[in-house]
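Work through these exercises with the structure open. Try each task before you read its solution.

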Amino acid sequence: MQVIVFEDTGVARLYPVTVGRLAYNITCGSFRLVDWLTRLSSEWKADLRGVVRSHLVEIQATDFSQIRAPQGGVRQPTLLVNARLVPSLDNVQRLRELVAAARPGLVVSGETIQAAYLGADAPALPAALYPETLGDFMQHSLLSHLPRIELPLKHFTYPHDIVKANMESLASSLEFRLREEKYREVRDGLFVADDATIGDFLALDTKQGPVLIDHGATIGPHCFLRGPAYIGPKARVIEHSAIKDAVSLGHTTKIGGEVEASVVEPYTNKQHHGFLGHSYLGSWINLGAGTCNSDLKNTYGTVKMEYRGETVPTGMQFVGCMMGDYAKTAINTGIFTGKTIGVCSMVYGFVTTNVPSFVNYARLFGQVTELTPEVMIATQQRMFARRKVEPRPCDAQLIHAMYELTRHERQLAHEPLSL
């Protein structure tokens with residue numbers, strides 16, 4: 001048997017999150033989809049393979065050694081899983097049910113093929129597998145042969161879906177971790193790994209869910225933690241911080257100030273005072289001291305987001321900012337409700353509009369200028385050195401690829417500014 005996780009054309013709607021990030025590498029509820037699929041593949045003794053966009057093939061091969069190169073032209077039982085599936089316990093259980101039933105069929109939601117199970121007698125997959133060929137095969141060959149299977153899977157369509165799903169799934173995901181892994185309960189609802197460190201005068205509220213502090217993580221003195229919350233391996237929460245109401249911190253993050261209902265990916269810093277709420281931060285981001293975002297409109301109405309020219313009602317009253325990898329903010333930056341900030345951008349002052357990728361953004365001062373890949377590669381190397389991460393050729397190549405993929409975004413930045 002093989003499990004194939006595939007990216008489809010829907011990953012473009014997840015920009016800026018997925019510009020340089022594999023869709024199965026999005027953290028939500030303290031897990032990524034790749035974590036669950038690795039576990040399931042081992043459980044089923046199946047090969048795990050990945051069909052991803054061309055500029056991420058080398059990243060997949062380098063960072064995810066458990067995922068083999070795609071193999072087409074072979075007939076064998078196959079589970080196809082959309083890389084945009086929410087990494088929740090509910091979805092995992094439903095994938096188990098799909099495989100256990102061994103009934104060929106498609107799981108479709110709207111225009112999205114979420115999953116498919118193919119028997120050994122199903123049409124062979126294309127010999128050359130990449131998102132476009134696999135997509136064509138699934139849309140035409142499979143749809144005409146396989147029955148529909150009713151299975152209530154959930155997937156990400158837009159970036160704000162990550163924030164919503166994180167709030168919905170974090171408590172149950174933490175309960176799973178506590179059942180499967182070893183942590184000490186040092187206070188009611190507070191679970192820590194043996195090598196985690198907790199400072200003095202910790203205030204704690206676990207009525208809505210547990211707080212889990214993973215290996216090598218550090219909590220400074222005079223902090224407030226309200227569950228559900230996950231502090232990832234080697235994360236550092238500095239003194240006088242408030243982490244509350246569904247926060248999921250990736251490994252090697254450094255966090256200060258007030259953080260609420262947000263996902264922060266590995267190697268990102270929000271070290272100083274300031275509010276971050278109902279937001280998603282990619283990796284290698286740095287928020288300057290005093291950076292705050294708004295996650296609530298003055299009218300208290302639901303938030304509408306704008307993604308690549310499309311206005312999308314979120315149905316959510318609280319929505320913060322969605323920031324792509326390598327973005328930076330200057331001291332005292334203020335980010336308005338429901339804004340996106342593109343990859344490799346540097347932001348100053350007030351953010352009143354969406355920010356394209358690869359720009360210096362100081363719109364209120366009448367300045368939006370382009371950043372070159374060379375500037376961001378130099379910045380990347382300095383950041384890696386600070387975290388003792390060895391840069392690889394594929395990391396620099398990814399910067400160049402992201403620059404080309406987002407070239408159209410910067411055309412908006414050169415239009416006359418409305419001040």
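**Exercise 1.** Count the helices and strands, then judge how compact the protein is.

*Solution.* 
- Step 1. This predicted model has eight helices and 34 strands.
- Step 2. Along the principal axes, the C-alpha atoms fill a box of roughly 60 × 55 × 45 Å.
- Step 3. Of the 419 residues, 57% count as buried.

**Exercise 2.** Find the largest nonpolar core and the element that gives it the largest share.

*Solution.* 
- Step 1. The largest nonpolar core holds 54 residues. Tyr 24, Leu 37 and Met 402 have the most contacts inside it.
- Step 2. Elements that give it two or more residues include strand 1 (2–6), helix 3 (89–101) and helix 7 (393–405).
- Step 3. Helix 1 supplies the largest share, six residues.
- Step 4. Now look at Leu 37. Beyond its neighbours within four places in sequence, Leu 37 touches Val 3, Val 5, Leu 48, Val 81 and Leu 95.
- Step 5. A second core is separate and has 35 residues, among them Ile 213 and Cys 321.

**Exercise 3.** Decide whether Leu 364 is buried, partly exposed or exposed.

*Solution.* 
- Step 1. Locate Leu 364 in the loop between strand 33 (359–362) and strand 34 (367–370).
- Step 2. Its relative accessibility is 44%. Buried means under 20% and exposed means over 50%. Leu 364 therefore counts as partly exposed.

Technical notes: Residues are numbered from 1 along each chain as its sequence is written. This is a predicted model: local features need pLDDT of at least 70, side-chain atom pairs count only at pLDDT 80 or more; totals for chains, interfaces and linings use all residues. Side-chain values use heavy atoms; hydrogens and water are left out. Helices (H or I, at least four residues) and strands (E, at least two) are DSSP runs, numbered from the N terminus. Buried means under 20% relative accessible area, exposed over 50%, partly exposed in between (1.4 Å probe, protein chains only). A nonpolar core is a set of buried Ala, Val, Leu, Ile, Met, Phe, Trp, Tyr and Cys residues joined through side-chain atoms within 4.5 Å. Contact means heavy atoms within 4.5 Å. The radius of gyration is taken over C-alpha atoms; the globule rule is 2.2 Å times the number of residues to the power 0.38.
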